[in-house]
4 protein chains.
Amino acid sequence: KDRFFVIAGPCVLESEELAFTVARTLRDVCQGLDIPFIFKSSYDKANRTSIQSFRGPGLKAGLDLLGRIRADLGVPVLTDVHSVDEVAPVAAVVDVLQTPAFLARQTDLIVACARTNKPINIKKAQFLAPWDMQQVVAKAESAGNKRILVTERGSCFGYNNLVVDMRSVALLSRGPYPMVFDATHSVQLPGGRGTASGGQRDFVEPLARAAVAAGADGVFMEVHEDPDRALCDGANSLRLRDVPAVLRALRDIYTVTRKHVNAAR
Amino acid sequence: KDRFFVIAGPCVLESEELAFTVARTLRDVCQGLDIPFIFKSSYDKANRTSIQSFRGPGLKAGLDLLGRIRADLGVPVLTDVHSVDEVAPVAAVVDVLQTPAFLARQTDLIVACARTNKPINIKKAQFLAPWDMQQVVAKAESAGNKRILVTERGSCFGYNNLVVDMRSVALLSRGPYPMVFDATHSVQLPGGRGTASGGQRDFVEPLARAAVAAGADGVFMEVHEDPDRALCDGANSLRLRDVPAVLRALRDIYTVTRKHVNAAR
Amino acid sequence: KDRFFVIAGPCVLESEELAFTVARTLRDVCQGLDIPFIFKSSYDKANRTSIQSFRGPGLKAGLDLLGRIRADLGVPVLTDVHSVDEVAPVAAVVDVLQTPAFLARQTDLIVACARTNKPINIKKAQFLAPWDMQQVVAKAESAGNKRILVTERGSCFGYNNLVVDMRSVALLSRGPYPMVFDATHSVQLPGGRGTASGGQRDFVEPLARAAVAAGADGVFMEVHEDPDRALCDGANSLRLRDVPAVLRALRDIYTVTRKHVNAAR
Amino acid sequence: KDRFFVIAGPCVLESEELAFTVARTLRDVCQGLDIPFIFKSSYDKANRTSIQSFRGPGLKAGLDLLGRIRADLGVPVLTDVHSVDEVAPVAAVVDVLQTPAFLARQTDLIVACARTNKPINIKKAQFLAPWDMQQVVAKAESAGNKRILVTERGSCFGYNNLVVDMRSVALLSRGPYPMVFDATHSVQLPGGRGTASGGQRDFVEPLARAAVAAGADGVFMEVHEDPDRALCDGANSLRLRDVPAVLRALRDIYTVTRKHVNAAR
């Protein structure tokens, strides 16, 4: 909890080339900025708006690719699981397991992930209050796992819209576990395009800056070389070439914020 | 879609005695009022607020009990499934499968349920707009199943609170499938008691009356002999002895509403 | 509180002809249905979205017209006031004063209206909880006035959208004063057209039916001969020719609802 | 728009002593930090939750006190007006006029304030979308006034709660006018105590940090020597002794943020 970190990567493992390019670039950028980096990408998008949408390479091919990125590039990797039977094969490959926001209340999934004893990143559901996360975290802790991260990604705000309550960022970051702000899903407009979610890429950076100033320990960002052609979540993904400037700003705001917060203690 | 119907029963299969008592009473009440009745109860509460909470008898014992209620009392039964591997055993026993609101976006679960060719009751998530349900329904239809029910159970409204948008009831009831109003989950205060959800039983009846007047085809209600001692959702469950008066009012409002709506066509 | 009633009329006093036509037609329709009727129209729209929008004939000409409608047609009239100095001249002409929703918290305006000892219809603000209205009502009561009506017109729900919480209708109708459901402002999409508010006329009738079934004592509706050409709030106004069918349905739902509610006491 | 500034003071002019103490201390703190400072306090709280609540010294005594603070301490002063007839006397004394959030849609008040040609701080209503402020600002501009500030103070989020959408801060700060973040009203729980609003003082600082990082040009804060004994808004007011640390943090986050934002242009 004492060092700013980044979880980032393309929303879904579209292709080997994209995954390696993004992972390598992000690794180098973060190294240059002295920011710990975890690569994130999904092998399956299990809850797309439309049944027509691209879902990914699937569990086997996806884990194979994540394993090679991990080995070849020397970066820790994170991915999300969607059912209890996926937990064991995923835990055998990745460094951090992630539970999806929509599934935050599925007790068996949270417990199964926690039982792997791998670090687990629990995303707060759009339908939960900040304090509701205590009970979710308690489910993970009941499995004896204390390596937990908690991620904020926005709350329901009317229809097809989310709002980020920075009180939630402040509250969760006061807890015992690292608090992550998911800067790109937070600007989704869920279902906003009818058969797909829309997004407001333009607000990724100001929201991320705000969250870091409010106390977030790290940020999560979906990043793509060419977001407008991404097969998933392009509207809210950050352009790869825009990442360095964003991370520099976040790192500096983190440093200033922590200096003042620590001085006030 | 031309006849008012009721889906009701205790939230969870607490005991054989409770389940049989509630099922038999509801069957007789509905028979007396000439309202088609489907018994509902859960074998597992997979998304309780707290890990300490009662979950139910489990799949095997629960399906066994549901099967006996069905056979002995001659009532159709409905229950909810929480993962793809539960779908086949459940479909072998019940008349209607139900998908949980939190899981409305899990493509594989919706499709697996639809593939059984049993009627499927899809609950609208608290985080979805009414029109978002079109895409969810399209996932079920993609499996060739047209025996679909769509259930409204409230939308996120700030923290630990839900609001029922009657525009959603009106909109969904204009669609091709029977539209159900879940009158008891709609008055939940999710997570409102810290380690459990609260509820506002007092509003079950006026909300149900409102939904039927707005166009709902049927209602869903959790019913318990002694809700204050229920092991799940007691705060928002209806008292068994209050059911007859409520159903009489709903049936009469349904009749008046349909008369005027049909006259206007 | 024991008889269903209607407050209706064109949003604003566009012209003498429109006002008289709508007032006369509504009077006759309500007479035929045995429903008490109060004519409503505004002399000034003091809070239009855009400064370019039509505001009305102004205080003097507007009150003159309202006075003639009252005298010539023999109907009670209601209008809304927007500042303390308008209260006395308005009270000299109309039967019921109304306070705008946005101004529900302006203590001086509420008290000034109440001091006239005329009946006062207090609209609940979009930003208030149902129980917040107790304090607003207490301000009116502090002036010794007990002839109060309380109107629900929807709550903020994300941006440019309102939702009607039927729990509010149920709660407010349990209070000591007649509870009115404003069926046409409740379907506004405030500011939804950029320089004007949008509306969803299609939902006026189902929402009104729902509110009456939830316990509303009366309804408020803006009505226009040709809403698509109305100078204010056309998108959510009801067509004059559609009023009879709507009122018949509401009256019948009211009758059925009250029969059951009274039986349950 | 190129320099961080602060508008602050006690919610209401409780006493001459309190007003002078707070004004003098804030002036000196801001001077030490090289931050431009405007003193704010109200002569009348026109929209208290309860009619029993303290309202202030009234127009005459209040303006007299504000005038002496201005003259004796050499600080610019700001206060809020609640009706058109207050505009002229207030404009004769203060440096900046402010319009209340609840009254953001009252055309005549906005225009009357703008016509004074004094700078005018327009608070965004809790019921407006960020983009709705364009029409409100256009009303002020229609009077030929371009010295406008726009203030964000939170949006309705369920009942008795507000949420600050940092997208609004980002959006409004991209406009032509200085954008102010009202850090203390944003943590109000409106009506949350039944006969008074509650507040979450604990979140003032993290929200203010977040808003400055999101792009706010200045902050607005209610400050009291002993907030727990304040006659208005104590629950969300900042303690006077906590102000220096908060402002130092905000100033430094402002500097870092602007450096990066300007570099990105």
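Visitor: Which residues of α7(A) are buried?
Guide: The buried residues of α7(A) are Val204(A), Pro206(A), Leu207(A), Ala208(A), Arg209(A), Ala210(A), Ala211(A), Val212(A), Ala213(A) and Ala214(A). Please note that this is a predicted model.

Visitor: How many residues does that helix have, then?
Guide: Helix α7 of chain A spans residues 204–214 and has eleven residues, ten of them buried, so that the helix is mostly covered.

Visitor: Which residue other than glycine has a positive phi in chain A?
Guide: Asp34(A) is one such residue, with phi near 60 degrees. Asp34(A) sits in the loop that links α1 (16–33) and β2 (37–40) of chain A.

Visitor: Is Asp34(A) buried or exposed?
Guide: Asp34(A) counts as exposed because its relative accessibility is 57%, and the cut-off for exposed is over 50%.

Visitor: What about Asp34(D)?
Guide: Asp34(D) is not a glycine either, and its phi is positive at about 60 degrees. Asp34(D) belongs to the loop between α1 (16–33) and β2 (37–40) of chain D. With 54% relative accessibility, Asp34(D) counts as exposed.

Visitor: Staying with chain D, which way do the residues of β5(D) point?
Guide: Strand β5 of chain D covers residues 120–123; Ile120(D) and Ile122(D) point one way, Asn121(D) and Lys123(D) point the other way, and all are buried.

Visitor: Which residues are the bridge partners of Asn121(D)?
Guide: Asn121(D) in β5(D) is the bridge partner of Gln98(D). In β6(D), the bridge partner of Asn121(D) is Leu149(D).

Visitor: How many bridges join β4(D) to β5(D), and how many join β5(D) to β6(D)?
Guide: Strand β4 (residues 96–99) of chain D runs parallel to β5(D), and three bridges join them. Four bridges pair β5(D) with strand β6 (residues 148–152) of chain D, again in the parallel sense. The crossover from β5(D) to β6(D) passes through helix α5 (residues 133–141) of chain D and is a right-handed β-α-β crossover.

Visitor: What do β4(D), α4 and β5(D) make?
Guide: Together with helix α4 (residues 107–115) of chain D, strands β4(D) and β5(D) make a right-handed β-α-β unit.

Visitor: Now the interfaces. How many residues are in contact between chain A and chain B?
Guide: In that interface, 33 residues of chain A are in contact with 33 residues of chain B. The buried area is about 3,100 Å², and carbon and sulfur atoms give 52% of the area. On the side of chain A, Ile51(A), Arg105(A) and Tyr159(A) lose the most area to chain B, together 24% of what that side buries.

Visitor: How many salt bridges and polar contacts are there between chain A and chain B?
Guide: The rule finds two salt bridges across that interface. One of them joins the side chains of Arg55(B) and Asp108(A), at 2.6 Å from N to O. Twelve residue pairs are in polar contact between chain A and chain B, both residues having pLDDT 80 or more. The largest share of the side of chain A that touches chain B comes from α4(A), with three residues.

Visitor: And the contact of chain D with chain B?
Guide: Four residues from chain D and four residues from chain B take part. The buried area there is about 370 Å², of which 75% comes from carbon and sulfur atoms. Phe157(D), Gly158(D) and Tyr159(D) lose the most area in chain D, together 87% of what that side buries. Across that interface, the rule finds zero salt bridges.

Definitions and conventions: Residues numbered from 1 in each chain as written. Chains lettered and ligands numbered in written order. Predicted model: local features only at pLDDT ≥ 70, side-chain atom pairs only at ≥ 80, totals over all residues. Heavy atoms only, no water. Buried < 20%, exposed > 50% of the residue type's maximum accessible area, 1.4 Å probe, protein only. Helix = DSSP H or I, 4+ residues; strand = E, 2+ residues; numbered from the N terminus. Pairing = 2+ DSSP bridges. Right-handed = clockwise from strand over helix to strand, strands pointing away. Contact = heavy atoms within 4.5 Å. Buried area = accessible area lost by both parts, 1.4 Å probe. Salt bridge = Lys/Arg side-chain N within 4 Å of Asp/Glu carboxyl O. Polar contact = N/O pair within 3.5 Å; in protein donor to acceptor, adjacent residues only side chain to side chain.
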